[in-house]
Amino acid sequence: MQPIIYAVGFGPGDQLYMTTQAVSVLQKVDIIVGYTTYVKLLQEQFPEKQFLSTPMRQEVERCQLAVQVALQGKTVAMVSSGDSGIYGMTGILLEVVAAQGANIQVVAVPGVTAASAAASLLGAPLMHDFAVISLSDLMTPRSLIEKRITCAAVADFVICLYNPKSKKRTDHLAQATDLIAQYRKPETPVGIVRHAGRAEQAVWLSTLEKLKEEPVDMFCVILIGNSQTYVKDGKMITPRGYQLESEVML
């Protein structure tokens with residue numbers, strides 16, 4: 001029987017936000033492999049399972065570990081928060097399996113990504129075209145990140161920023177804000193969600209001109225509205241373009 005590694009996106013962390021497929025897979029596999037922080041989240045919900053972990057920035061080693069275990073006859077889940085195919089582990093896992101020439105089937109299990117989790121808490125900010133951009137330059141040149149931000153701003157996409165600020169990377173968000181501000185009004189609505197779907201969750205609204213002052217960190221997702229986005233009754237809304245008759249607006 002061909003070995004299987006499931007690349008599982010488990011959403012924000014709580015089982016309430018996991019898909020039925022993700023829960024089913026995590027319940028049936030022999031071993032769960034993941035980043036140390038993610039393993040701690042899942043151990044509380046699947047205490048009967050065996051876990052293996054590696055620290056941050058050891059993604060290749062983590063995949064190699066999963067391959068090794070799978071070739072020993074164990075069914076493995078490689079976990080990522082959010083969706084496994086969006087800044088997750090599916091891509092590098094497929095690359096490692098191919099590089100080793102391992103006869104292993106990789107099955108991707110999608111999950112609730114940070115953008116959609118945050119959007120649901122803010123209202124409906126992603127109802128039209130949007131771009132998701134990570135401000136981390138660990139894997140992507142800063143010049144390319146800046147180009148993507150500028151292009152998204154010019155094209156009037158709603159912009160969702162991941163990894164906005166860390167202890168070492170303190171000025172990337174300010175620079176991104178300045179780039180976007182060349183093409184958006186100062187009062188453009190901005191939604192910020194920290195620890196979406198977790199016990200520490202915090203949700204608040206701001207504007208583009210105030211974004212630099214906001215207390216954000218790596219646990220935050222920032223949604224910057226397009227030219228049509230507005231706030232109504234505490235909800236951030238990006239209209240799709242439907243025409244409402246006056247009588248239904250009463």
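Visitor: What follows helix 4?
Guide: Gly101 does. Its phi is positive, near 65°. Keep in mind that this is a predicted model.

Visitor: Which residues of helix 4 are buried?
Guide: Helix 4 covers residues 90-100. Thr90, Leu93, Val96 and Val97 are buried there.

Visitor: What covers the buried residues of helix 4?
Guide: The cover includes strand 1 (4-9), helix 3 (59-71), strand 4 (76-80) and strand 5 (105-109).

Visitor: New topic. How many residues are in the largest nonpolar core?
Guide: It has 22. Among those with the most contacts inside it are Ile149, Ile192 and Leu211. Several elements each supply at least two residues of this core, including strand 7 (130-134), helix 6 (142-154) and strand 9 (189-194).

Visitor: What does Leu211 touch?
Guide: Leaving out residues up to four places away in sequence, Leu211 touches Leu173, Thr177, Val190, Ile192, Ser206, Ile222 and Ile224.

Visitor: What lies apart from that core?
Guide: Another core, of 18 residues. Ile4, Val29, Ile32 and Phe46 are among them.

Visitor: Last one: which residues of helix 1 are buried?
Guide: Ala22, Val23, Val25 and Leu26. They pack against strand 1, strand 2 (31-35), helix 2 (36-43), strand 4 and strand 5.

Technical notes:
Residues are numbered from 1 along each chain as its sequence is written. This is a predicted model: local features need pLDDT of at least 70, side-chain atom pairs count only at pLDDT 80 or more; totals for chains, interfaces and linings use all residues. Side-chain values use heavy atoms; hydrogens and water are left out. Buried means under 20% relative accessible area, exposed over 50%, partly exposed in between (1.4 Å probe, protein chains only). Helices (H or I, at least four residues) and strands (E, at least two) are DSSP runs, numbered from the N terminus. Contact means heavy atoms within 4.5 Å. A nonpolar core is a set of buried Ala, Val, Leu, Ile, Met, Phe, Trp, Tyr and Cys residues joined through side-chain atoms within 4.5 Å.
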